[in-house]
Amino acid sequence: MTSETMYILAGVLLAALAMHRLCTARDALARILALNVLSVGIAMLMLLAGRVAGVTDAVPQAFVLTGIVVLVAVTAALLSLAERISGGDDD
Amino acid sequence: MTQLFDALLAVGIVGVAVAALFANDRFAAVGAFMVMGFLVALSWVRLGAPDVALAEAAIGAGLTGALLLRSARRLRVEPKMCQSRWSVAASGLISIGFAGLLYAAITSVPTVPAYPPLVAERLGESGVSNPVTAVLLNFRAWDTLLEIAVLFVALVLVIVVPVSRVRPAPLGEMVVPFAKVVVPLSVLISGHLLWQGADAPGGAFQAGAVLAGGGLALVLAGAMRLKKPLQGGILRATALSGLAVFGAAAVATAALTGHLLGYPDGQAKIWILGIEAVLTLAIAATLVLLFHGSVRRVPK
Amino acid sequence: MTEAYVLALLPFLAAVGAAATPRMAAIWGLCATLINLGASILLAARILSGGDMRADLGDWPAPLGISLVADGLAAVMLSMTAIVATAVALQAMSWGLVQPRGGQQRSRLQAGFWPLWLATLGALNALFLSGDLFNIYVTFEILGLSAVGLTALTGSRNSLRAAFDYLAAGLAGSLVFLLGVALAYAAVGRVDLAAVPALVDTATGRLALGLIFAGLAVKAALFPLHFWMPAAHSSAAPAASAVLSALVVKGALYLALRITIEAGAGIEVLRIALAVLGAAGMLWGSWMALRAERLKLLVAYSTVAQIGLITLAIGVADDPSTSAMWQAAALLMLSHALAKAAMFLAVGRIAEELGHDRISGLNRTDLRPGVAEFAFAIAAVSLIGLPPTAGFIGKWLLIDGLIDRGAWVWIALLLGGTALSAAYLSRVVSRCLRGGPHVAPGARRPEWRTGDVAALGLATTALALGLGSALPLTLLNGTAL
């Protein structure tokens, strides 16, 4: 088993476990965590798909970087909505 | 030997991911998620992708973790719904099947990426020598502009749906000396990352995230009071400047060269560094505001 | 391509302007919307006279760079968006957004509306013009976030809950889409739209297409993945509901249509799945609309049904290189956008006059039917697909193609769906438009508002489009396949 295969396996497992959790969890925080783990799994697969002869393609690296930034933005939005639903009777 | 290290790392990643997904205690779950982020970043260094490794460590693990920790305390724990075992089992089976399918799909085709020769051929014209920066700010700068738009929309959303403010008080005493070290350090590191991003791993996003880390230290230490309209206003203007300047630069390039985001010949490096410098500050400001919640401006 | 650059960039710049200067937000919004309308008309005219256009951003050719592609289909979608955008902007100008709840609250909500709405417009334009799958993923994220912001604007607990479910479902959909893009990259090594035909050849590529469509199905609220949608569309403010229902779901439907056109004949299984789910959604949405007790919910479920119809049209269309049946789907999207936006705006006005939106309470004796009721009725005619509306032309093209193939099952389903839509819409129309003895002699007439003009304008455009459907059809015919 090469190193790449092991990381592909890790990425696949991350994505599948996160999907499972997403389908079964009710708790808002657990769902948000699952979405974040799913995204890391996808990023892992994207990087490995672009790995040929020991070099990782720069374009999927840029995709992954974009994905990370997009995800932190959406996570912040999700958390602020969740907090308002959970507590916010302030207005 | 390295293979053993990779194997351990891959197992470790999956292990902490399981903890992050299935731990009963919220803080343990978020902690595991952050550890997973750092391990994944390590694995990406091993895979020769230090730029994304830096971003994952700073943003994916660090800032997302901070956000999750902020909310873990505030969110009400939903009463556990009695889920039927059958539906959990069905979901589990489907996920296993999905994993098998995905693994087979990824490994069955030998990928021949179309990009590496194109990137190699055109890197010389791009103005920078770090290929990832070249893709992000030149070859596919439109993606990056839209990504800044995502940050902008998230910021507007958090302003419209405000969260309660982060209260610095409980940590104040301890945090102040900590902030005294961290803040200047974050400014230095961020400047270094921004500057070296042209030729070596780094760039606006990593630099912005590090700077945002420093900003959060200031907020937690109570030194930056976003309640004050002036400080909040400056921060907000800085955050908005990212999309404004990037968009204006796109218009300017279209006027100068006829191609949207096509930099004038020979000046690509100056344009890229200029845009990146603004983006670094804007990203840092946006991330601090996303963490801190909105700065409610009281209309007169 | 100057027009295309304007369409893709201007809304974002105006959004920043509106966010930076909240007091001027409405002015930014109106100016940008009008320029956007002008640019989309100019672009359509250029395409009509000169054919498709394409611009490599930064002068880096695809697949490394990103191309903007402006063809007939894109032009139809862009014009549709621009027309609805103008009406929505008018409505939002005149009416404010939400029931007044004290000055500060109101001004914050209004200040929030314009940046979010302009970002939605920019994301839609960028999506329709984009020629690259990863770029489209990013536009979806903008679209999803800004649409959620629009849902949450009213700040009520229901709308916040709906917004959270919307965002969580939308993010799950985009991540599935992104996983599809990753697999597409693994299969063919590139992610521009021109690579789609090659995806059909390998198992990995087909799985990639399947995941991409699964993600799109969530985003488009295709049955049975529509669970997040009725709550979101019915709890938002009227101007926001109009945008969500008429335009935002069209983003995903447009991409589904675009990919089936690009992929050609090789995705038969996927097409059948789309057609079956579409038919199921059409029936389910109609059934729920028949049972809905609130007007906004009825209109929201009618969107589920109409999305089903459009998906059915995408699914049953033959290989686009030999048949023009795919044009029916584009025309149905166009007519649904106009009619549904008109309908949500009209419902907003009706609810405002009545003070509630219960369907059982629409029978009233002290209020004469007004412009909003009239606009609702015209929009209903277009949604049902009676001549001479655009909805009719779309359904006609579809049924005509199906008759040629002898696909009687699909025809029966289509006609059944049409009958159901007539049934649920007449629940409203029959109550709204009663005059004569049902109205008391001294009944008052609702006042005219700019919002009425917007709703009526859109509804009549949907009507007139049937008579002038040659124009969109010429544009679509020119689309290179």
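Predicted model: local features only at pLDDT ≥ 70, side-chain atom pairs only at ≥ 80, totals over all residues.

I counted polar contacts between chain B and chain A and got twelve residue pairs, both partners at pLDDT 80 or more. A polar contact here is a pair of N or O atoms within 3.5 Å; within protein, one must be able to donate a hydrogen and the other to accept it, and residues adjacent in sequence count only if both atoms are side-chain atoms. The side of chain B that touches chain A gets its biggest share from helix α3 (residues 50-74) of chain B, with 13 residues. Helices (H or I, at least four residues) and strands (E, at least two) are DSSP runs, numbered from the N terminus. I sorted that side of chain B by class: 52 nonpolar, 14 polar and 13 charged. For the classes, Ala, Val, Leu, Ile, Met, Phe, Trp, Tyr, Cys and Pro count as nonpolar, Asp, Glu, Lys and Arg as charged, and the others, Gly among them, as polar.

Residues are numbered from 1 along each chain as its sequence is written, chains are lettered from A and ligands numbered from 1 in the order in which they are written, and side-chain values use heavy atoms, with hydrogens and water left out.

Still on B and A: I found three salt bridges across this interface, a salt bridge being a side-chain nitrogen of Lys or Arg within 4 Å of a carboxyl oxygen of Asp or Glu. Arg26(B) pairs with Asp27(A) in a salt bridge, 3.0 Å from N to O. The contact (heavy atoms within 4.5 Å) takes in 79 residues of chain B and 67 residues of chain A. About 6500 Å² is buried between the two chains, 76% of it on carbon and sulfur atoms. Buried area is the accessible area (1.4 Å probe) that two parts lose on being put together, summed over both.

Next, C against A. I get 29 residues of chain C in contact with 31 residues of chain A. The pair buries about 2600 Å², with 80% on carbon and sulfur atoms. Phe164(C), Leu175(C) and Tyr185(C) supply 25% of the area that chain C buries against chain A, more than any other three residues. I looked for salt bridges and found one: Arg31(A) with Asp165(C), at 3.9 Å from N to O.

Then the backbone. Which peptide bond next to Pro388(C) is cis? The one from Pro387(C) to Pro388(C), with omega near 5 degrees. Pro388(C) sits in the loop between α14 (371-384) and α15 (390-405) of chain C. Thr389(C) is in the loop between α14 and α15 of chain C too, and its side chain reaches the backbone oxygen of Leu386(C) at 2.7 Å. Thr389(C) is buried, at 0% relative accessibility (buried is under 20% relative accessible area, exposed over 50%, partly exposed in between; 1.4 Å probe, protein chains only).

I also checked phi. Leu261(B) is not a glycine, yet has a positive phi of about 65 degrees; Leu261(B) is buried, with a relative accessible area of 2%. Asp59(C) has a positive phi near 60 degrees and is partly exposed at 44%.
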